[in-house]
Every structure is written in structure tokens, then in C-alpha cells.
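Student: Please take a close look at one part of this model. I would like one connected account of it, starting from where the chains meet.

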Amino acid sequence: MNLYIKKENFVVKKIMIKSIILVLILAFLYIFGGQIKNSFYVISSPISKNLWESGKVTSNFFESFFASADLKNKNNGLHQENQKLLLEISFLKDFLRANYELQQALQTGQTNNFSLVPTQTIELDSLNDFILVNKGQEDGIVENMPVISSNGVLYGKIYKVHKNFSEVMLISNKLSVLDVKIQNDDPSLIPVYGAIKGNGSLSLYLDLVSSDAPLKERDILVSSALEGLFPKNLLVGEILSENKNDLKPFKTAEVRPFFDIKNIDNLFIITDYLKK
Amino acid sequence: MWFKYPLIILLFFLFALLQVSFLPHFSIMGVVPNLVFILFFLFIFFERENQGGETFFTVIIAGFFLDIFSTSFLGKSILLLLVMYLFLRAVTHFLKQKQGKYIIVYFMGLFSLCFVLYALSMYSLFSISIFLHLICNLLFALIGFYVYKIIYKNSDANNQLKLL
């Protein structure tokens with residue numbers, strides 16, 4: 001009997017100790033969450049960056065491998081040689097691409113009078129459609145700043161800022177809503193407006209389009225700046241197909257987003273749009 | 001067996017980095033397997049007797065790595081995983097008594113339940129894409145199941161949990 005009581009006391013003590021440890025850990029993480037995240041990103045970013053680049057190179061390699069499967073027998077020797085060369089110059093190419101994109105983006109920035117901060121993607125949270133970029137408070141980044149690519153494709157907005165890093169909510173995030181204008185071929189037509197909503201898993205859909213508005217496949221969607229977060233005429237996506245439902249007061253459509261997380265090297269944060 | 005603890009941290013760290021930095025380039029329909037969650041589930045599902053301290057540590061580490069690469073506050077996943085652990089502990093105890101004839105079915109069912117609950121708590125909204133994530137993660141979890149089963153059988157032949 002005594003042995004049973006002793007054992008029971010021991011178990012209760014063990015549970016209590018574990019509970020106290022857990023509460024202390026949670027309190028510590030809650031209080032110092034921001035600093036811990038930033039320090040962790042600083043430590044892990046060199047590895048993350050290398051893994052991101054390796055993933056891109058490997059993925060490109062497999063894509064090209066599958067695409068040229070029918071020519072592989074004929075060009076086997078050339079391919080091997082090519083791949084070796086590709087690996088050797090991949091880093092040089094990255095630098096060239098980064099330079100070209102920066103030039104393009106600066107031109108876009110000049111024409112739109114926006115100041116841009118170049119940044120790079122380090123991580124993707126696919127469950128929540130968030131990316132982590134390597135610019136933060138120290139670079140003058142604040143929440144809600146728009147994030148675009150060099151050719152004016154809208155990616156999302158800054159959601160949370162850390163000291164050296166920022167979390168970007170992609171427009172495909174389920175909580176993201178963005179006002180868009182549908183670009184028609186005929187300029188005499190009245191412009192059609194709608195809302196792009198995130199569908200998760202890097203997908204989008206068009207909603208809140210007037211039921212009598214004409215929608216065509218491959219119509220281009222651009223930001224309309226009505227919500228006040230994003231500048232006008234940033235590329236968002238193109239209509240794939242219209243979802244017909246007579247019961248709904250508004251039209252909806254499937255949209256192919258223009259953003260491409262897998263193949264993007266540099267992104268740009270518009271730092272002065274919110275002030276205007 | 002002190003080295004087990006740094007090994008657990010290293011394993012989760014590597015899996016987390018692979019998940020967020022390498023695998024996104026191979027995503028299908030925007031879905032990337034949640035390696036940290038899969039590893040956590042395997043640890044819990046195959047937990048042995050008298051491994052309480054080690055499992056408690058695993059829950060905290062897994063929760064930490066899930067939170068560090070998400071937008072939620074640090075500690076949210078730790079609490080979620082702890083609740084799942086307590087639930088799974090009760091269920092797997094029941095499975096052991098049943099001698100685990102259909103262990104793979106239980107594994108798939110419990111994994112699906114836990115994953116959907118986790119995804120819902122992180123998403124806040126229900127969506128069809130959760131099922132896409134579930135299918136992808138279940139596939140990886142099954143691969144993990146058979147890999148772990150081999151390790152588990154080799155390391156402890158006398159374990160009461162009989163597997164297929």
C-alpha cells in the first residue's frame with residue numbers, strides 16, 4: 001500500500017515538474033518570440049539560402065530532363081557536357097540575373113516614382129502561403145508594404161517585420177483580398193472591377209464581379225488600388241475560366257496567378273507607396 | 001543516452017529547413033509535405049514504454065520548429081502537439097491491447113485526424129486545399145511509417161506493438 005502511494009506521489013511530482021517546465025518555456029517563447037525568430041533566421045538563413053538555390057537548380061534540372069526525354073538519346077553527350085557547364089556557371093548566371101532584374105525594377109520604379117528595396121526569398125510556408133524575405137526593420141521595412149517582382153507582378157504584402165527579416169503574406173493566402181481591374185481589349189468598354197481572393201496552396205480566384213460584366217478567358221487582371229494597399233496596374237493574373245452559377249449575385253472565375261515562387265530570384269518591396 | 005536529445009534537435013532542424021527551403025521547388029499544386037509534423041507523429045505513434053521524458057522533449061522541439069517557420073506566435077504548436085500527444089497516447093495504448101492487427105489503418109486514420117485538426121488550427125478557415133495537403137502528407141507519412149517500422153522492429157524485437 002505504502003509502495004503504491006509512493007509511486008503515485010512520484011507520478012504526480014513528475015507531472016507537476018513537467019507542467020512547470022512547459023509553462024516556463026511557453027512564457028519565455030511568448031515574451032521573446034520576436035527576438036528568437038529573428039536570431040533563428042540569422043543563424044539558419046545561410047543554410048536556407050543554399051538549400052533554396054540547390055532546390056531551384058535541382059528542380060530546373062529535372063524539368064529540363066523530363067522535357068527533353070525524347071531527344072535524350074540523340075544528345076546524351078551534349079546534355080552531360082551542358083549540365084556540367086550549367087552547374088559551373090549557375091552562380092555567375094544568378095549574379096547576372098540579379099543585376100538585370102535590379103535594372104528592370106529600377107526602371108519600373110522610376111516610371112512609377114516608387115522607391116524599391118531588393119530582397120530575396122529564403123523560405124516558403126506552403127500551408128499558410130507566406131514567404132520569408134531577407135529584409136527587415138533595419139532596412140526600413142514596415143508592415144503592409146507591397147512586394148512585387150522586377151516585371152511588376154504583385155506577390156503580396158509585408159505581414160510581420162523582424163529586425164533582419166520580414167514575413168510576406170502572398171496574395172494566395174486565404175485571408176488576402178485585393179481589388180482588381182479586368183483589362184479589356186476594347187478601351188471603349190466600361191472597366192470591370194472585382195476582388196481577387198486567396199484560395200491557399202498558391203492559387204487564386206476572382207470574386208465580386210458584377211453578374212452582367214463580360215468575362216473572357218485570358219483576360220488580364222491588374223491591381224486597381226481601391227483598397228489603398230497596392231499601387232495601380234500591378235500584374236495579378238489571368239482568367240482561366242468563368243464559374244457560372246445563376247444563384248449567386250456575383251460572378252466568380254478561376255485565375256492563373258502570374259507570381260511564380262519557384263523561379264523567382266529577387267523581389268522588390270515598395271517602401272514609399274503607403275506614405276503617399 | 002544523452003546524445004539522443006541533440007540528435008532530435010538536429011533531425012527536426014534539418015527536416016524543417018528542407019521543408020521550407022528545398023521542397024517548395026518540387027511542390028505539386030502548391031503543396032509541400034510537412035516533414036516536421038510527420039516526424040513528430042511517427043515519434044509519438046511509435047513511442048515505447050518509459051519514454052515519457054524523451055517524448056515530452058520531442059513535442060516541444062517539434063512545436064518550436066513548426067512555429068518558427070510559420071506566422072503564429074511561438075508556443076501555439078507546442079500546445080497543439082501536446083494535446084495531440086496526450087490523445088494519441090491514450091489511443092495507441094488501446095491499440096497495443098488490441099495487438100495492432102490493422103495498425104496501418106489506425107495509423108492513417110489518426111494521422112489524418114491530427115493533421116486536419118492541426119491544419120485547421122493554423123489556417124483558421126476550412127478549405128478544399130487542406131485535403132490536398134492531407135493526401136500529400138499522408139503519402140510521406142506512410143513512407144515514414146514503413147521506414148520507422150523497420151528501425152523499430154530491429155531495435156526492439158520484443159515490443160508488444162505488433163505491426164503488419
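Tutor: Between the two chains, 37 residues of chain A are in contact with 32 residues of chain B, a contact being two residues whose C-beta atoms, placed from the backbone, lie within 7 Å. This is a predicted model, in which local features need pLDDT of at least 70 and side-chain atom pairs count only at pLDDT 80 or more, while totals for chains, interfaces and linings use all residues. Residues are numbered from 1 along each chain as its sequence is written, and chains are lettered from A and ligands numbered from 1 in the order in which they are written.

On the side of chain A that touches chain B, at least two residues each come from α1 (2-31), α2 (33-67), β1 (116-125), β4 (154-161) and β7 (192-200). Helices (H or I, at least four residues) and strands (E, at least two) are DSSP runs, numbered from the N terminus. The most, 13 residues, comes from α2(A).

Now to β1(A). Seven of its 10 residues are buried, meaning that 20 or more other C-beta atoms, placed from the backbone, lie within 10 Å of a residue's own. β1(A) runs antiparallel to β12 (residues 266-270) of chain A, with five bridges joining them; strands pair if DSSP finds at least two bridges between them. Here A:Q120 has A:N266 as its bridge partner in β12(A). β1(A) is also joined by four bridges to β2 (residues 130-133) of chain A, again antiparallel, and A:L124 stands opposite A:I131 in β2(A). β1(A) and β2(A) form a hairpin with four residues between them. In that turn, A:D129 has a positive phi of about 55°.

How values were computed
Buried ≥ 20, exposed ≤ 12 C-beta atoms within 10 Å, placed from the backbone.
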